[in-house]
Amino acid sequence: MIQKIKKYSTTNTLVILGIILGVLFGSLLPELALKQQVIGQMFISFLKMLVVPLVFSSIYIAIMGLGSLDDLKTIGFRTIGLYLLTTALAVFLAIAAMNIVPIGEPVSSEGLEYAKASTIAPFSFQAMILSFIPTNIFNSLSEGLMMQIIVFAILFAIASMHIHVDRQELMLNFFTGVTNAMLIMAEWIIKLTPIGVFSLISYVVADQGIDVILDLWEYVLMVIIVLLLHAVITLPAVLALFGRVNPFKYLSDIREAPIMAFSTASSAATLPVSMRIVEEVGGVSKKHASFVLPLGATVSMDGTAAYLTIAVLYISHLAGVELSFMDQMLLGVTVVALSVGVAALPSASLVMMVVILNQIGLPVEYIALIVAVDRILDMARTSLNVTSDLVVVKIIDQIQKSKN
């Protein structure tokens with residue numbers, strides 16, 4: 001265990017060095033930084049290459065390993081409940097922060113345009129629920145529609161519990177082999193992390209520029225502060241309360257996963273890293289990690305929910321529209337409810353922002369003022385999304401171990 005922690009500490013040091021050098025390279029040599037974007041894209045593509053087979057096989061063997069539908073229901077309800085709890089706490093923190101420090105002065109919407117607004121179909125819960133059900137699983141697999149893949153994998157595993165024992169063992173051995181092979185490939189790719197992070201960070205800095213952040217410094221600072229408070233206060237408190245472990249030691253041990261999430265801005269691309277780290281240095285059983293983390297990569301959106309809440313309230317201030325206490329509570333409930341559907345919709349949080357703005361009657365055009373820093377904030381909120389996943393999987397693991 002100590003050797004594994006030292007190995008990941010060395011990787012963390014190289015990753016942080018990659019971030020620092022990436023910022024300097026993107027700032028000082030932007031033209032070269034823009035040209036080497038392909039390296040970072042290759043790194044993310046390699047990680048995403050593993051996601052679909054890893055999620056499918058992990059969910060399958062996790063459910064088969066539970067042994068009974070009662071265990072599945074127990075762990076499933078606990079997992080979803082904890083994900084909703086942490087998301088709700090993130091939204092509440094965001095609302096409180098925006099009321100204590102209400103940033104954003106009224107700005108005219110004249111001349112502002114947001115091209116995506118007119119192309120987004122009206123949102124409905126019915127459409128969201130239907131989007132979870134695969135009509136063609138092969139299309140879902142090829143398109144990487146994670147919620148549909150998870151639903152099918154769960155049903156497929158449950159159905160497998162009802163076939164002959166010999167065939168159950170055959171299928172379980174097959175998917176166990178797939179999972180092991182994917183994790184070995186993930187270990188190879190993880191060795192490229194410092195180079196990939198350097199490429200990604202330098203490109204973002206060269207493409208967006210430091211000036212973009214400086215012009216929206218209040219907004220960026222508010223989002224970063226809320227995300228940090230949730231990461232260092234709220235989530236550790238939840239972990240200490242329900243998991244009965246030292247939260248700061250645990251989060252320190254598995255810190256490579258949030259760092260990876262920050263650089264890739266993708267919970268799915270970070271999944272192979274998260275699964276390996278929580279098992280090797282986090283002390284989480286493979287059975288629980290295989291079920292909780294793939295589900296979390298799709299439905300756990302603490303960072304995204306907090307970001308959306310701040311963004312909508314910020315836009316309301318820019319538009320000169322004051323939302324009442326009840327309006328803000330409704331906003332909070334809406335964000336928590338819709339956060340489950342973020343992964344099932346294209347363009348992720350920006351699309352959800354349009355949906356929410358339309359629902360509460362705020363002008364969509366104001367997104368044009370904050371979209372410039374979305375990529376940078378996307379990196380931060382994805383890191384928090386993954387941190388929440390790691391907290392929940394540790395809690396589930398501790399609860400189940402205490403019952404055995």
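Reply:
**The aromatic cluster**

Phenylalanine 152 and phenylalanine 156 both sit in helix H7, 4 residues apart, which is about one turn of the helix. Keep in mind that this is a predicted model. The two rings form a stacked aromatic pair. Their centres are 5.8 Å apart, and 10 degrees lie between their planes. The cut-off for stacked is under 30 degrees, so this pair qualifies.

How open are these two side chains? Phenylalanine 152 is partly exposed, with a relative accessible area of 29%. Phenylalanine 156 is partly exposed too, at 27%. Buried means under 20%, and exposed means over 50%, so both values fall in between.

Now bring in a partner from another helix. By the ring-centre rule, the count comes to 10 aromatic pairs. In one of them, the rings of phenylalanine 56 and phenylalanine 156 have their centres 6.1 Å apart. Their planes stand at 45 degrees, so this pair is tilted. This pair links distant parts of the chain. Phenylalanine 56 belongs to helix H3 (residues 37-66), while phenylalanine 156 belongs to helix H7 (residues 146-160). The two are 100 residues apart. Phenylalanine 56 is buried, because its relative accessible area is 10%.

So phenylalanine 156 takes part in two pairs: a tilted one with phenylalanine 56 and a stacked one with phenylalanine 152. Which residues make up the whole group? Phe56, Tyr60, Phe152, Phe156, Phe174 and Phe175 form one aromatic cluster.

**Around the cluster**

Next, look at helix H8 (residues 165-190), which holds methionine 182. This methionine is buried, with a relative accessible area of 13%. What does methionine 182 touch? Leaving out residues up to four places away in sequence, its contacts are Leu50, Pro53 and Leu54. The C-alpha atoms of methionine 182 and serine 57 are separated by 9.5 Å. Along the chain, those two residues are 125 apart.

Leucine 200 gives another case. It is found in helix H9 (residues 193-208). Leucine 200 is buried, with a relative accessible area of 9%. Leucine 200 and valine 38 are 162 residues apart along the chain, yet 9.1 Å separates their C-alpha atoms. Again leaving out residues up to four places away in sequence, leucine 200 touches Gly40, Gln41, Phe43, Ile44, Ser263 and Thr264.

**The chain as a whole**

Step back for the setting. The protein chain has 20 helices and 0 strands. Of its 404 residues, 51% count as buried. Count the contacts with a separation of 6 or more: residues 24 or more positions apart account for 84% of them. The accessible surface comes to about 18,000 Å², and 67% of that belongs to carbon and sulfur atoms.

**A helix pair for comparison**

Two packed helices are described by the angle between their axes and the distance between the axes. Take helix H14 (residues 267-280) and helix H20 (residues 374-403). Their axes come within 11 Å and cross at roughly 35 degrees. The crossing of H14 and H20 is right-handed. On the H14 side, Ser267, Thr270, Ser274 and Val278 make the contact. On the H20 side, they meet Thr382, Asn385, Val386, Leu390 and Val393. By class, this contact has 4 nonpolar, 5 polar and no charged residues.

Methods:
Residues numbered from 1 in each chain as written. Predicted model: local features only at pLDDT ≥ 70, side-chain atom pairs only at ≥ 80, totals over all residues. Heavy atoms only, no water. Axes fitted to C-alpha atoms, helices over the stretch in contact; angles between N-to-C directions. Left-handed = near helix turned anticlockwise from the far one by under 90°. Contact = heavy atoms within 4.5 Å. Nonpolar A, V, L, I, M, F, W, Y, C, P; charged D, E, K, R; others polar. Buried < 20%, exposed > 50% of the residue type's maximum accessible area, 1.4 Å probe, protein only. Areas by Shrake-Rupley, 256 points an atom, 1.4 Å probe, with all protein chains shown as cover. Phe/Tyr/Trp six-rings, centres within 6.5 Å; stacked < 30°, edge-to-face > 60°.
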